[in-house]
Amino acid sequence: QVQLVESGGGLVQAGGSLRLSCAASGRTFSSYGMGWFRQAPGKGRESVAAINWSGIRIYYADSVKGRFTISRDNAKNTVYLQMNSLKPEDTAVYLCAADREGGLRDYDYWGQGTQVTVSS
């Protein structure tokens, strides 16, 4: 079983930046694909960014391309989401997820989420 714990959320003004972290338990983090998702009130869950086990394959939603950067540090069992030029529409609960097969699609484990609020 893998536990994922997100941190780094908060309240920021439009145009500001935040860096989210997702720390994973277990010794096989380096083999997992990792993804960041978000869910705003009244809306469905949206895939924001993902990185495969090696870090070679990376995905971004069109809505965040050029503003968000996903990265991973396997030595720290942590995946990051650097969010720049934040907009009010980025307000949501951000969750990380892990894919045991190392890819970008089929997530087996989920964190509880961290709230990001962007004020205009």
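Which residue of strand 3 does Ser 7 stand opposite? Ser 7 faces Ser 21.

Some housekeeping. This is a predicted model, where local features need pLDDT of at least 70, side-chain atom pairs count only at pLDDT 80 or more, and totals for chains, interfaces and linings use all residues. Residues are numbered from 1 along each chain as its sequence is written, and side-chain values use heavy atoms, with hydrogens and water left out. Strands are DSSP runs of E, at least two residues, numbered from the N terminus.

Start with strand 3, residues 18-24. Strand 1, residues 4-7, pairs with strand 3 in the antiparallel sense over four bridges; pairing requires that DSSP finds at least two bridges between two strands. Strand 3 and strand 8 also run antiparallel, joined by six bridges. There, Arg 19 has Gln 82 of strand 8 as its bridge partner. Strand 3 is largely enclosed by the rest of the structure, because five of its seven residues are buried, that is, under 20% relative accessible area with a 1.4 Å probe, protein chains only.

Now the largest nonpolar core, which has 31 residues. Such a core is a set of buried Ala, Val, Leu, Ile, Met, Phe, Trp, Tyr and Cys residues joined through side-chain atoms within 4.5 Å. Among the members that touch the most others are Met 34 and Met 83. Strands 3, 4 and 8 are among those supplying at least two residues each.

Met 34 lies in strand 4, residues 33-39, and its relative accessible area is 0%. Its C-alpha atom is separated by 9.9 Å from that of Asp 106, 72 residues apart along the chain.

Conventions. Buried < 20%, exposed > 50% of the residue type's maximum accessible area, 1.4 Å probe, protein only.
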